[in-house]
Structures are given as structure tokens and as C-alpha cells.
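Please keep the sequence and the structure in view while reading.

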Amino acid sequence: MFGHPVANPFNQPEQLPLGITHVTVGSSRLPVRQRRLLDLPFATLNAYSHEQLPSENAVLAIPPLSGHYPILFHDLILALLQQHEVFVCEWKNARYVSLSHGPFDFAGNIDYIIQMISAIGPRLNVIGLCQSAVPTLAAVSAINRSKRPLAARSLILLGGPVDPLANPRRVVGLLRERPLDWFADNVIQVVPRGAAGEGRRIYPAHLHLSGLLAYLTRHVTENCELSEKVTADDGSAAKSHPFLHLFTSLMDLPAEHFLENIDSIYHNQKILTGQLACHGNRIEPQLLKHTALMTVEGADDDIAAPGQTFAAHKLCLGLPDELRHHLMVDDCGHFSLFHGRICREIVVPQINKFIEDVANGC
């Protein structure tokens, strides 16, 4: 139907490597070095670099724990790597995480990001991608309060639902029209006997895939963004990393995180109301004073519509105007923010400029 094979959600690995072995800088094709900094039960922290990095600015990319493997952001990470050493939080499939490691909830997500920032060191540029915008903003805020020397130099939020009610669309409506108990009763399953994560409660990939394929079918029928992605793939590595494969490669999610994400972001907007906490400490973005903030939105985004990410500026009241920047990308849907020509030619160059300006004190 769509011209590329759809990934099998019943046969997905613990992790799906980014597959970044080389990067093109100018006319040179350079080998990429990969090293692992952290190996945590639910994620690893990997660093990617090459021998001709023109900038000393390091970037930490936090993909969302929303069902997709981080490989969905292959294009964005590869483009950033041309200018920066890039650290990537690479989530693991909950199906393979032993129940002995305990649950993984929304506060655990925030704590993992804090651990990763701490492992890399100070003056880091942190990028919260899509649904990771809120936990990333929360982690940077928490570090600012309790570990000031590790404060991030800049925070970049890209297409994320900081305030989903600022401009609610179909996805927001679907998540808000049912109570949390409905999701717990109807979409949560238990990892069967024999699997590494036996007994763990999960939101399974095959249920997620059915919703994604319905979304994709609507886009194809209405000739929206994904119609072009699957018929004229504009990814930088379309042959080795076809968009449809990236889009349909899904992992099982920890049930507690899946449910708390809906509750914290879509039902109760806890970061807006001051209810969001990590390990008993309230998250207070208004206390950020020195971490520059950039928000990026696609004008045609129907998942995190314009206004939802920009809302972060209304939370970070302590930041002066010179430490704020907002980029609205015309003719850009959600996935083009991190995949394809628009990502490479507009989004990443603007992020690079913002990072350089902040480093230079502009």
C-alpha cells in the first residue's frame, strides 16, 4: 500500500541502533566514533563524534519515550553531528527489561535525563524532542535548582506538547476524551512468560501501530505531510533508513509511564499548574535565569500544533528576552521538524546558530 515494508511490532529488539557510521562534512565523508557513557535499565546514553568537529559545543538529544525507537530521529541527529558532538538518550524496549528493575514512571523519565546531563557535564545544550519536551524542561529546571554548576547552557524544545490546550488538535482530543482508567483497562497488557520482561505491564507496540497506521492512512488520503514522506522519501539516508520503517518501528512502553504521561501532560497539564514533581521536589521552570530557551514549531503540525511548544516561554518567567528565541517553520508538519529536507535545511541550521550565539554570549 505505502511502497515500503512496515515493521513487525511483534518482533522488535531491545534497542534499535541509530546506524550512524559516517557523516558528511563539506566534501569529506568521515567515520563516526561511538562510545557509551551510561547503561541504565531502561535506556543507554551514547556519544557520537568525528575527528573534524568544528564546534566545541556538545548537544544532548532526548527522544520521546512515546513508542518510537530513537532511530526515528536519525536525520536530525546526523545533521547535528556535522557541527557538534551529539549525545543521545536511546530508550530500551520495556518488553526486555526485567521486572526486578521495578517500574519506570514519569518521574523516572525526568530522573534519567538528570543523570545523563550529570554524566556529560556542564554547559551542555539539551534538546527535548516532541513528547520529551516536558520531562526535558522539568529535568533542566530541577538541575538549575539543586545542581547549579551543571546547569544547561541552552534548552531547545522541538514540537512538544508543553501546553496541549494552547491549540488542541485531534491527538489531544483523543487522549482527553477518555478517563485514565479507560486506558489502564483497555490498552495495558502484561509481558508473557518466557520474555526477559516477564510480568511487566506495558503499552504494547502492536496497539500503537494500529493507531499510527490509521493516522498515516488519513494523511495519505488527505494528501498531508506523511503522504509525501512515504511516496517521495526526503530523508538523508532514504535507502538504508526509509521513513516508513522508522515510523513503524515501535517498542513496548512501561505502563506506568504511558499512563502518567497522559495524566501529567494531557489531562492535568501538571507543569503548568505547578503539580509536577520529581522525587518530592516541585518542578519550577520560572526559576531558570541563565539557560537560554529556544522553541521550534511547525506551522502545519497536527500533533503538537503551534502554540503548544511556545508555551514554555510563558513558564520560564525568569529568563530575559535576550535568552529567548522562537522558530516557526512554514509549510512544516510534525515529522518534518526532525526528518527530511526541512529539518536539514531550516531547523538544524537555526538550532546551530542559536547554540553558537548563546556560546558567544549574543
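## Terms and basis

Helix axes are lines fitted to C-alpha atoms, over the stretch in contact, and the angles between them run from 0 to 180 degrees between N-to-C directions. Helices (H or I, at least four residues) and strands (E, at least two) are DSSP runs, numbered from the N terminus.

The model is predicted: local features need pLDDT of at least 70, side-chain atom pairs count only at pLDDT 80 or more, and totals for chains, interfaces and linings use all residues. Residues are numbered from 1 along each chain as its sequence is written, and side-chain values use heavy atoms, with hydrogens and water left out.

## Helix H1 and its packing on H12

Helix H1 (residues 74-81) packs with helix H12 (residues 341-359) at an angle of about 50°, their axes being 10 Å apart. H1 is therefore oblique to H12; angles under 35 degrees count as roughly parallel, over 145 as roughly antiparallel, 65 to 115 as roughly perpendicular and the rest as oblique. The crossing of H1 past H12 is right-handed; a crossing is right-handed if the near helix is turned clockwise from the far one by less than a right angle, and left-handed if anticlockwise. On the H1 side, Asp75, Leu76, Ala79 and Leu80 take part, meeting Cys343, Arg344, Val348, Ile351 and Asn352 of H12. Contact here means heavy atoms within 4.5 Å.

Eight of the eight residues of H1 are buried, so the helix is largely enclosed by the rest of the structure. Buried means under 20% relative accessible area, exposed over 50%, and partly exposed in between (1.4 Å probe, protein chains only). The cover over the buried residues of H1 includes strands E1 (22-25), E4 (43-49), E5 (58-62), E6 (85-91) and E7 (125-129), together with H12.

## Asp75 within H1

Asp75 belongs to helix H1 and is buried, with a relative accessible area of 2%. Leaving out residues up to four places away in sequence, Asp75 touches Asp234, Gly235, Ser236, Ala237, Phe338, His339, Gly340, Cys343 and Arg344. The C-alpha atoms of Asp75 and Leu327 are 19 Å apart in space, while the two residues are 252 residues apart in sequence.

Helix H2 (residues 106-120) has 15 residues and should span 21 Å at 1.5 Å a residue; its end C-alpha atoms are 22 Å apart, which agrees. The expected span is 1.5 Å times one less than the number of residues. Because 11 of the 15 residues of H2 are buried, the helix is largely enclosed by the rest of the structure. Among the buried residues are Phe106, Asn109, Ile110 and Met116. At the start of H2, a side-chain oxygen of Asp105 comes to within 3.3 Å of the backbone nitrogen of Ala107. Just after H2, Gly121 has a positive phi of about 120°.

The axes of H2 and H3 come within 9 Å and cross at roughly 55°, which makes H2 oblique to H3. H2 contributes Phe106, Asn109, Ile110, Ile113, Ile114 and Ile117 to the contact, and H3 contributes Val134, Pro135, Thr136, Ala138, Ala139, Val140, Ala142 and Ile143. The crossing of H2 past H3 is right-handed. Ser146 lies in H3, which covers residues 133-146. Ser146 is exposed, with a relative accessible area of 59%.

Helix H6 has 17 residues and reaches 24 Å from its first C-alpha to its last, close to the 24 Å expected at 1.5 Å a residue. Its buried residues pack against helix H4 (170-176), strand E10 (201-203), helix H7 (225-231) and helix H8 (243-248). Just after H6, Asn223 takes a positive phi of about 55°.

His208 is placed in H6, which covers residues 205-221, and is buried with a relative accessible area of 14%. Apart from neighbours within four places in sequence, His208 is in contact with Ser66, Gly67, Tyr203 and Leu250.

## Positive phi in loops

Most residues other than glycine have a negative phi. Arg123, which is not a glycine, has a positive phi of about 60° and lies in the loop between H2 and E7. Gln269 has a phi near 40°, again a positive value in a residue other than glycine. Gln269 sits in the loop between helix H9 (255-267) and helix H10 (270-273), and is buried, with a relative accessible area of 12%.

Definitions and conventions. A polar contact is a pair of N or O atoms within 3.5 Å; within protein, one must be able to donate a hydrogen and the other to accept it, and residues adjacent in sequence count only if both atoms are side-chain atoms.
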